[in-house]
Amino acid sequence: MRHPGRLLGLDHHHDRPVGAALLHLQAPGLDLTASGSVGPVPGPGTKRATIPPDLSLCHGDLGNLEPLLPAGGRWREAGLRQAAATLDELDRRGWVCGLPHGVHSPSLMVGVAGIGHGLLRLAAPDRVPSVLALQGPLTD
């Protein structure tokens, strides 16, 4: 299912960690300049998908950002727009986990631990390693 206004067209939630890992590993043959399905960030009054958006690393907005921000070029620009929309969503709706019916979870992939990690990555990507890409500790 496509999520209008979401980036990259990563329709299946397992694509996000794979995309992040490939980017961080700088996999041979990974071409981020190829045409992609980068869509617009929803503006005020834009209807979202019938599946409520969440902020989780697994299949939410913060997981979508992981491969975009370090990519550079138009991918980074799209990621920065999505990051702003994600922070607005956080202010508006709070820490929305990736579970049905608004259930909160402490878990890393669909819960508040992952949302916190994603926010730390937004604030200090050079100091906070990516759990989606299985990065080890970052050194100076």
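1. Gln82 lies in helix H3; helices here are DSSP runs of H or I with at least four residues, strands are runs of E with at least two, and both are numbered from the N terminus. Gln82 counts as buried because its relative accessibility is 2%, where buried means under 20% relative accessible area, exposed over 50% and partly exposed in between (1.4 Å probe, protein chains only). From C-alpha to C-alpha, Gln82 and Leu68 are 9.4 Å apart in space and 14 residues apart in sequence.

2. On the basis of these values: the model is predicted, with local features needing pLDDT of at least 70 and side-chain atom pairs counting only at pLDDT 80 or more, while totals for chains, interfaces and linings use all residues. Residues are numbered from 1 along each chain as its sequence is written, and side-chain values use heavy atoms, with hydrogens and water left out.

3. Helix H3 covers residues 73–93, 21 residues in total. Its span from first to last C-alpha is 30 Å, close to the expected 30 Å at 1.5 Å a residue; the expected span is 1.5 Å times one less than the number of residues. After H3 comes Gly94, which has a positive phi near 85°.

4. The buried residues of H3 are Trp75, Ala78, Gly79, Gln82, Ala83, Ala85, Thr86, Glu89 and Leu90. Their cover includes helix H2 (61–65) and helix H4 (112–123).

5. The largest nonpolar core has 11 residues: Leu55, Leu57, Leu62, Leu65, Leu69, Ala83, Leu90, Cys97, Ile115, Leu119 and Leu132. At least two residues of this core come from each of H2, H3 and H4. A nonpolar core is a set of buried Ala, Val, Leu, Ile, Met, Phe, Trp, Tyr and Cys residues joined through side-chain atoms within 4.5 Å.

6. Ile115 belongs to that core. Apart from neighbours within four places in sequence, Ile115 is in contact (heavy atoms within 4.5 Å) with Leu55, Ser56, Leu62, Trp95, Val96 and Cys97.

7. The whole structure contains 3 salt bridges, a salt bridge being a side-chain nitrogen of Lys or Arg within 4 Å of a carboxyl oxygen of Asp or Glu. One of them joins Glu66 and Arg121, with the closest N and O atoms 2.8 Å apart. Glu66 is in the loop between H2 and H3 and Arg121 is in helix H4, so the pair ties together parts 55 residues apart in sequence. Glu66 is buried at 7% relative accessibility, and Arg121 is buried at 9%.

8. Glu89, Arg92 and Arg93 are linked in a network of salt bridges. The closest N and O atoms of Arg92 and Glu89 are 3.2 Å apart, and the N to O distance for Arg93 and Glu89 is 3.0 Å. Within helix H3, Arg92 and Glu89 are 3 residues apart, about one turn; Arg93 and Glu89 are 4 residues apart, also about one helical turn. An α-helix has 3.6 residues a turn, so residues three or four places apart point the same way. Glu89 is buried, with a relative accessible area of 8%, Arg93 is partly exposed at 34%, and Arg92 is exposed at 61%.

9. The charged end of Arg74 sits over the ring of Trp75, 4.8 Å from the ring centre; the criterion is NZ of Lys or CZ of Arg within 6 Å of the ring centre and within 35 degrees of the ring normal.
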